[in-house]
Amino acid sequence: MDQRPVKAIGLVSGGLDSTLAVFLMRQLGTDIVALNVASPFCTCNARAFCGEEGRVLSISKMLDVPLVVHRSGREYIEIIKQPRFGYGKAFNPCQDCRVHTFEVARRVMEERGARFVFTGEVLGQRPMSQRLHQLHRIEKEAGLSGLIVRPLSARLLPPTVPEKNGWVDRSRLLDIGGRSRKKQLALAAQFQLRGHACPGGGCLLTETGFCAKLQDAFIHGQDSDEQLRLLRVGRHFRLDAHHKLIMGKDERENNVLTGHAGPGRVFFAAARANGPVALLDTMGERPASLEIYTAAASLVLRYADVSKDEEHPVSFGSDPLRMADEIATRACPDDDLLRYKLPEKLLKPPPWAPPAEPTGQADQHPDDVEWVMCATTTGGSTGRDE
Ligand code: SF4
């Protein structure tokens, strides 16, 4: 008889619940490969992905399990544009996001010769993806029916294949449910687990301000990887269908913007006053008109240290360190500012998306959700969601 430990893929987010899940499964003798499915919209750190540089790596070291990081890319962007199960309160397609995460987990499971997947999900903790019928639907969609063990809630759930087959001792799994974290915190203290949770972490897809920028980028086809990274920086103004202005809010953001010189990019700054740097994105090939240049210059003056009722020179050029040309105009008046600002409300459904499948679940998302998540992975962590 094969006495080798059964191998499993443990989804880890860097949060408390998934850390506990790995700890518990390791105690049961499971041979674990930790998997972090990192979203481009995670806010755990400024480098966009938390996997390799962040908490997940230190937790995998602390628990002495190998770590695989999957960075979701364009396939994830397409999911956001057309989720099958709809959005949460902002632009977060949580159920589709979870299906994607588990599909990645299934692939890694097959590649690594593992027999099942486990997560730190807690029954009832998250309103859009951790109710019983949602857990079942998500695992079925991902091709993992019966193959996902949730050690924190297992005894509240029907037995899985690994439990029925004796690969996992069900009697040593837990029965935690609901949104309180008290039991998990007590267990973390008991087991002396440290380093979990991402205090600054979360998912940008739950933040309305960010999602307004994302929708605008999708609508106007300005959604290359670089353009999506720039959504994290500055104030964004829509000048016309082909031209967007991004303005730094502080010195750090000004410096980030000046690092994005390239074809179709023009930089603006007040010529003889303190103020922001702005990047005009002309989508690569479309030269901007004088009207667009004047609008960009007037917006720069709006946020510069200049009197608002007279003309001032604004430098511009494709090289942010040598803006050789100048244009003179006045600071942007209120009515133009309103015209250029992105809408504060999200378009739902967004104009490019077909109606979501009638799941009856997406609309049940309460507005006062305070649960938390980091990256796209398992339960347990600390960002806002759904
Ligand atoms: S909140 Fe979490 S589950 Fe929802 S879209 Fe963001 S990462 Fe995915």
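Two strands count as paired if DSSP finds at least two bridges between them, and the strands and helices themselves are DSSP runs numbered from the N terminus (helices are H or I with at least four residues, strands are E with at least two). Keep that in mind for the sheet below.

Before you click around: this is a predicted model, where local features need pLDDT of at least 70, side-chain atom pairs count only at pLDDT 80 or more, and totals for chains, interfaces and linings use all residues. Residues are numbered from 1 along each chain as its sequence is written.

**Whole chain.** Show everything as cartoon and you have 12 helices and 11 strands. Of the 386 residues, 47% count as buried (20 or more other C-beta atoms within 10 Å of a residue's own, C-beta atoms being placed from the backbone; 12 or fewer is exposed, and in between is partly exposed).

The open sheet of 6 strands runs E6-E7-E9-E8-E10-E11, with antiparallel pairing. Now pick 265-270 and 277-281, which are E8 and E9, joined in the antiparallel sense over 5 bridges. Show side chains at Arg265 and you'll find Asp281 of E9 standing opposite.

**Helices over the sheet.** Next, color 251-258. That is H10, lying across E7, E8 and E9 and running at about 35° to E9. Axes here are lines fitted to C-alpha atoms (for helices, over the stretch in contact), with angles from 0 to 180 degrees between N-to-C directions.

**A loop stop.** Zoom to Met323, in the loop between E10 and E11. What does Met323 touch, leaving out residues up to four places away in sequence? The list is Phe267, Ala269, Ser315, Phe316 and Gly317, where contact means C-beta atoms, placed from the backbone, within 7 Å. Met323 and Ala269 are 54 residues apart in sequence but 8.4 Å apart in space, C-alpha to C-alpha. Met323 has 18 C-beta neighbours inside 10 Å, so it counts as partly exposed.

**A helix pair.** Finally, select 94-112 and 132-141. These are H4 and H5, whose axes come within 8 Å and cross at roughly 45°.

Key. Two residues are in contact if their C-beta atoms, placed from the backbone, lie within 7 Å.
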